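Open the model in your viewer and keep the selection panel at hand. The stops below say what to select and what is there.

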Amino acid sequence: MEKLPVELAHAYHLLNPGGVVLVSVSDGQRDNLFPVAWNMPLCDDPPVACVLSSRDHFSWPLLERSGELGLNVPDASILDAVYGCGKTSGAEVADKFARFGLHREAAAQIRAPLVAEAVASLECRVERIVDVEGCGLVIARVVAARAASRHFRDGGWTFDAGLSLLHNLSSNRFCVSDRVLEARRP
Ligand SMILES: Cc1cc2nc3c(=O)[nH]c(=O)nc-3n(C[C@H](O)[C@H](O)[C@H](O)COP(=O)(O)O)c2cc1C
């Protein structure tokens, strides 16, 4: 297999495509949405997840003040809404839900609304924010989670009902995961 050097500025694309989540935040007065490709689980017990967010986002003070965030897992059916939320700022768009045809769903444990069209949502409380080159690595405890029963069964994603989870390659380019491959046991 031939391999060519990759510019270090593009090296992170080799670690992606990470699954995109649509982060929802609210300070009680105002809510907002923004997609985050840089996210990952950190611990399963207790459940802890993290996202890396720029502090320049309109959403940042809402997240920091409330100490809460929703992680909404989109599928391909809301691709344009996900991208739209990531190419506009809450400073200019008063209501990203309305602007991109999404609907609010009440969360069980946090004030931020969840995205009704998402195939799953995790409700999180911030435990720690670590500064990374001016961005905030938000480490948060997952306090509640829900998922579409036709797509998530026995603790795992299933794809037989036509699920396509979104991964961001760069800019407006995404790929999807839509089937399971089972490796042969050694
Ligand atoms: C597909 C996609 C993935 C993104 N991933 C991240 C990310 O991981 N971290 C981040 O801080 N911003 C990320 N962004 C940028 C923010 O979502 C974007 O700047 C958004 O407009 C911020 O919204 P706000 O200013 O209303 O809070 C991403 C944007 C797109 C389109």
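## Stop 1

Select Val 25 and Asn 32: Val 25 stands opposite Asn 32, which belongs to strand 2. The coordinates come from a predicted model. Now extend the selection to strand 1 and strand 2, which pair in the antiparallel sense over six bridges. The two strands form a hairpin with four residues between them. In that turn, pick Gly 28, where phi is positive at about 100°.

Keep strand 2 selected and go through its residues. Is strand 2 enclosed or open to the outside? Six of its six residues are buried, so strand 2 is largely enclosed by the rest of the structure. The burial applies to both faces: one side carries Asp 31, Leu 33 and Pro 35, and the other carries Asn 32, Phe 34 and Val 36.

## Stop 2

Seven strands make an open sheet in the order 2-1-5-8-9-4-3, with antiparallel pairing. Strand 2 and strand 3 (39–44) are the edges; each has a single partner strand, so one side of each has no neighbour in the sheet. On average, neighbouring strands of this sheet are turned by 35° against each other, direction ignored.

Next, select helix 2 (residues 59–66), which packs on the sheet. Helix 2 touches strand 1 (21–26), strand 2, strand 4, strand 5 (68–73) and strand 9, and its direction makes about 65° with that of strand 1.

Select residues 120–132 and 135–147, which are strand 8 and strand 9. These two pair in the antiparallel sense over twelve bridges. In the loop between strand 8 and strand 9 is Glu 133. Its phi is near 50°, a positive value in a residue other than glycine. Glu 133 counts as exposed because it has 6 C-beta neighbours inside 10 Å, and the cut-off for exposed is 12 or fewer.

Move to the loop between strand 3 and strand 4, where Pro 46 is placed. The peptide bond joining Asp 45 and Pro 46 is cis, with omega about 5°.

## Stop 3

Select helix 3, which lies across strand 1 and strand 2 and runs at about 105° to strand 2. Which residues of helix 3 are buried? They are Ala 81, Val 82, Tyr 83, Cys 85 and Gly 86. These buried residues pack against strand 1, strand 2, helix 4 (96–99) and strand 12 (165–170).

Val 82 is also a member of the largest nonpolar core, which has 41 residues. Leu 22, Val 23, Leu 69 and Val 82 touch the most other members of that core. To see one of these sets of contacts, centre on Leu 22. Leaving aside neighbours within four places in sequence, Leu 22 is in contact with Leu 33, Pro 35, Asn 72, Pro 74, Val 82, Cys 85, Val 115 and Ala 118.

## Stop 4: the ligand

Select the ligand and the residues around it. How many residues surround the ligand? There are 20, and the closest are Trp 38, His 57, Ser 59, Gly 86 and Gly 90. By class, this shell has nine nonpolar, ten polar and one charged residues.

Colour the shell by element: strand 2 (31–36), strand 4 (47–54) and helix 3 (79–87) each supply at least two residues. Strand 2 gives the most, with four residues.

## Stop 5

Select strand 12 and strand 13 (residues 173–177), which run antiparallel and are joined by five bridges. Within this pairing, Leu 165 has Ser 177 in strand 13 as its bridge partner. The strands form a hairpin with two residues between them, and Ser 171 in the turn has a positive phi of about 45°.

Then pick Asp 154, in the loop between strand 10 (152–153) and strand 11 (156–157). Asp 154 has a positive phi of about 50° although it is not a glycine. Asp 154 is exposed, with 5 other C-beta atoms within 10 Å.

End at Asp 95, in the loop between helix 3 and helix 4. Asp 95 is partly exposed, with 14 other C-beta atoms within 10 Å.

Terms used. Residues numbered from 1 in each chain as written. Predicted model: local features only at pLDDT ≥ 70, side-chain atom pairs only at ≥ 80, totals over all residues. Near = placed C-beta within 6 Å. Nonpolar A, V, L, I, M, F, W, Y, C, P; charged D, E, K, R; others polar. Pairing = 2+ DSSP bridges. Axes fitted to C-alpha atoms, helices over the stretch in contact; angles between N-to-C directions. Contact = placed C-beta atoms within 7 Å. Buried ≥ 20, exposed ≤ 12 C-beta atoms within 10 Å, placed from the backbone. Core = buried A, V, L, I, M, F, W, Y, C linked by C-beta atoms within 7 Å.
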